[in-house]
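The sequence and the structure are shown first, and selected local features follow.

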Amino acid sequence: MESDAQDSMRMTRALQLAERGLYTTDPNPRVGCVLSRDTNVVGEGWHLRAGEPHAEVLALRAAGDAARGATAYVTLEPCSHTGRTPPCADALIAAGVRHVHCATADPNPKVAGAGIRRLREAGIGVSVGLLGAEARALNPGFFSRFERGRPYVRLKLAMSLDARTAHVSGLNAWISGEEARADVQIWRARSSAVLTGAGTVRVDDPRLDVRLDYGPWVRQPLRVLLDTAETCASTAKIFRGGGALVFAAVDAPAAAASSGRVERVPRADGGVDLDAVLRHLVELEINEVLVECGPRLAAAFLRARLVDELVLYVAPTFLGADAPPLAQLRSSELTMPGFEFRDMRRIGADLRLILTPKKA
């Protein structure tokens, strides 16, 4: 029989395994599984990519006959429906597992407790909640998509010591150092989509793609452009290599030529309705959105209280009071809830801050 300390250790290991799918499982959640019998680990597995075996199945394969009578530690409730792969709950039952520890229930309505019920009906003991907060933190977008009906929004900004974001001359030059820019690539790689505005495309002409080599499973996030009046040139770099999804206003005239797929949404506050954009992205199974944009769009997301996490790079330089600000917020809007620091660390010559909104 496993002790409480061993249970925590096994689930911690399952979470470490799940993290191996951080950049590859989308739109599926990152899940890990450990099988333990007589205090010995007999099998491990983690989900790598949608359409391929889930963590439980891989752990059972590794364990073989030793799975019978074992305890399973899974970072998410085993699925109970047939999707791209068969139900994991049935695989655990067929293998003769004795007990299953789930870190958290699955928010997907196709599961939502059905996997737990199926296991219990088969006589398998089930415990739920061990390191549940950690399991949710590994899949913020997956839970947000099903529980709130919108993706998890991460706003990435870079600024000088005087909270300015670009040279006043309009010079297209980096504020952040090379190490910080490399760090941004990691945030892009884990995201389902990278979103920007028309102003950023016209001024900076970014590619917004992932230029990391983390194996044969490199996955490019969906590139999303908010272009209210469809003013961006079809030659913009964002449209290269598969194009981009463009959101334009319903009443905007159609562009003569576009290199992206265009979706029409209502107008709001001088741009497009951000809630409508995020609802549409949920329909595309988008879990995490990385917003890389200028001060106007940053202010719009902050004003709408749609920012779940703020990733802020601070460069040790000054750009002057006439340079563009971090976010174009009016003084009357500064009563909105603030943020609290979650992490601070040096990235090369720069400082990276991670903040989340204060809870009411």
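At 55% relative accessibility, Arg305 counts as exposed, where exposed means over 50% relative accessible area, buried under 20% and partly exposed in between, with a 1.4 Å probe and protein chains only. Arg305 belongs to the loop that runs between α10 (295-303) and β14 (309-314); helices (H or I, at least four residues) and strands (E, at least two) are DSSP runs, numbered from the N terminus. The phi of Arg305 is positive, near 55 degrees, in a residue other than glycine.

The model is predicted, so local features need pLDDT of at least 70 and side-chain atom pairs count only at pLDDT 80 or more, while totals for chains, interfaces and linings use all residues. Residues are numbered from 1 along each chain as its sequence is written, and side-chain values use heavy atoms, with hydrogens and water left out.

**Backbone features**

Thr39 likewise is not a glycine, yet has a positive phi of about 70 degrees. Thr39 sits in the loop between β1 and β2 (40-46) and is partly exposed, at 37% relative accessibility. In the loop between α1 (4-18) and β1 (32-37) lies Pro27. The peptide bond that leads from Asp26 to Pro27 is cis, and its omega is near 5 degrees.

**Two helices**

Helix α3 covers residues 88-95, and its buried residues include Cys88, Ala89, Leu92 and Ala95. These residues lie on the same side of α3 because they cover an arc of only 130 degrees around the axis, the arc being that of the directions from the helix axis to the C-beta atoms. An α-helix has 3.6 residues a turn, so residues three or four places apart point the same way. The partners against which the buried residues of α3 pack are α2 (55-63), β3 (71-74), β4 (99-102) and α4 (114-121); contact here means heavy atoms within 4.5 Å. After α3 comes Gly96, with a positive phi near 80 degrees.

Helix α9 (residues 274-283) is mostly covered, as 7 of its 10 residues are buried. The buried residues of α9 are Leu274, Ala276, Val277, Leu278, His280, Leu281 and Val282. Just after α9, Glu285 has a positive phi of about 60 degrees.

**Salt bridges**

Side chains of opposite charge can pair when their charged atoms come close. A search of the whole structure gives 21 salt bridges, each defined as a side-chain nitrogen of Lys or Arg within 4 Å of a carboxyl oxygen of Asp or Glu. Three of these pairs are set out below.

| Pair | Closest N and O atoms |
|---|---|
| Arg136 and Glu147 | 2.8 Å |
| Arg150 and Asp308 | 2.9 Å |
| Glu288 and Arg154 | 3.0 Å |

The salt bridge of Arg136 with Glu147 joins helix α5 (residues 132-138), which holds Arg136, to helix α6 (residues 140-147), which holds Glu147, and the two are 11 residues apart. Arg136 is partly exposed at 33%, and Glu147 is partly exposed at 46%.

Arg150 also forms a salt bridge with Asp308, and this pair links the loop between α6 and β6 (152-159) to the loop between α10 and β14, 158 residues apart. Both Arg150 and Asp308 are buried.

In the salt bridge of Glu288 with Arg154, Glu288 belongs to strand β13 (residues 288-292) and Arg154 to strand β6, 134 residues apart. Glu288 and Arg154 are both buried. A network of salt bridges links Arg30, Arg154, Arg190, Glu288 and Glu309.

**Strand β16**

Which residues does Thr356 touch, not counting residues up to four places away in sequence? They are Asp308, Glu309, Phe339, Glu340 and Arg342. Thr356 is in strand β16 and is buried, at 14% relative accessibility. Its side chain makes a polar contact with the side chain of Arg342 at 2.7 Å; such a contact is a pair of N or O atoms within 3.5 Å, where within protein one must be able to donate a hydrogen and the other to accept it, and residues adjacent in sequence count only if both atoms are side-chain atoms.

Leu351 is also found in strand β16 (residues 350-357), and is partly exposed at 32%.
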